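Here is a short report for a first look at this model. Take a moment with the sequence and the 3D view, then read on.

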Amino acid sequence: MIRPRTPARSLPTAVRPVRYGTGNAMGLFKKRANDTAEIDELKEQISAMAARLDATDAVKQQLGAQVQGIVTRLDTPPEPAPAPPPPAPSVHPDEFRAMVVRLKDLTARVDAPPAPLVELEPPVPSVTHDELEAVSSRVQTIADRLEEVDARITSISSELANQINELSGDIDNLDTSEQTAELIELI
């Protein structure tokens, strides 16, 4: 016997029961497996699906961490640019003439016709494309890290130069104040 259905109007939209046909029509989903091999196959499929879902979750978490790292890098304000370098030192005229002569010699060598090239057969690559891609990716990562280190070193050296300038000024002020104290004692 089928129970009478609760009127749909009395329940909120989110709680309304979903019905697809009569109770007898649902018998299609109540198939009983008689064969244990079929049950084992279904269990294996469920296990494989669970493993794929776990792998997908791991990849999703890894991508989320990468995105968070990128967002953090984008949100971090860049460090101020270092102070411009000091002007180049002046050069003695004799040294300048020597540099001009050296430059002319180098220019003459560059303008000279090149020696004939010997054609060689291209070597057979000993690495695979995947290995090359992995090395290229690693080199790019190292280059990025080196840029960060270079920027950090530049920032630190600029800060140290500023501190040395401040200390130099403080030392000069101490020298003048000691001389002033000696003059006051003499008067």
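R152 forms a salt bridge with E79 in this predicted model. The closest N and O atoms of R152 and E79 are 3.9 Å apart. That falls within the 4 Å limit, so the pair counts as a salt bridge. Where do the two partners sit? R152 lies in helix α3, which covers residues 129-186. E79 lies in the loop between α1 (36-75) and α2 (93-111). The pair therefore ties together parts that are 73 residues apart in sequence.

Are these two side chains buried or exposed? R152 has 47% relative accessibility, so R152 counts as partly exposed. E79 has 44% and also counts as partly exposed.

How many salt bridges does a search of the whole structure find? The search finds two. The other pair is D94 with R97. Their closest N and O atoms are 3.0 Å apart. D94 and R97 are three residues apart in helix α2, so about one helical turn separates them. R97 counts as exposed, because its relative accessibility is 53%, and the cut-off for exposed is over 50%.

| Salt bridge | Closest N and O atoms |
|---|---|
| R152 with E79 | 3.9 Å |
| D94 with R97 | 3.0 Å |

The largest pocket has a volume of about 300 Å³. Of its 15 lining residues, the closest to the centre are E79, P80, A151, R152 and S155. What classes of residue line the largest pocket? The lining has seven nonpolar, four polar and four charged residues.

Helix α2 holds another feature of interest. M99 is found in helix α2. Together with V91, F96 and V100, M99 makes a nonpolar surface patch of about 350 Å². M99 has 45% relative accessibility, so M99 counts as partly exposed.

Finally, the chain as a whole. Its secondary structure comes to three helices and zero strands. Read along the sequence, the pattern is α-α-α. The chain has 187 residues, and buried residues make up 0% of them. Buried here means under 20% relative accessible area. The accessible surface of the chain comes to about 18400 Å². Carbon and sulfur atoms account for 61% of that surface.

Notes
Residues are numbered from 1 along each chain as its sequence is written. This is a predicted model: local features need pLDDT of at least 70, side-chain atom pairs count only at pLDDT 80 or more; totals for chains, interfaces and linings use all residues. Side-chain values use heavy atoms; hydrogens and water are left out. On a 1 Å grid over the protein atoms alone, a cavity is a set of points where a 1.4 Å probe fits but cannot get out, and a pocket is an open set with protein on both sides within 12 Å along at least five of seven lines; lining residues have an atom within 4 Å of a point. Grid points are joined across faces, edges and corners, and a volume is the space filled by probe spheres set on the points. Ala, Val, Leu, Ile, Met, Phe, Trp, Tyr, Cys and Pro count as nonpolar, Asp, Glu, Lys and Arg as charged, and the others, Gly among them, as polar. A salt bridge is a side-chain nitrogen of Lys or Arg within 4 Å of a carboxyl oxygen of Asp or Glu. Helices (H or I, at least four residues) and strands (E, at least two) are DSSP runs, numbered from the N terminus. Buried means under 20% relative accessible area, exposed over 50%, partly exposed in between (1.4 Å probe, protein chains only). Accessible areas come from the Shrake-Rupley method with a 1.4 Å probe; for residues, only the protein chains shown count as cover. Patches are made of residues with over 30% relative accessible area and no salt bridge: like charges are joined within 9 Å, nonpolar side chains (Val, Leu, Ile, Met, Phe, Trp, Tyr) within 5 Å.
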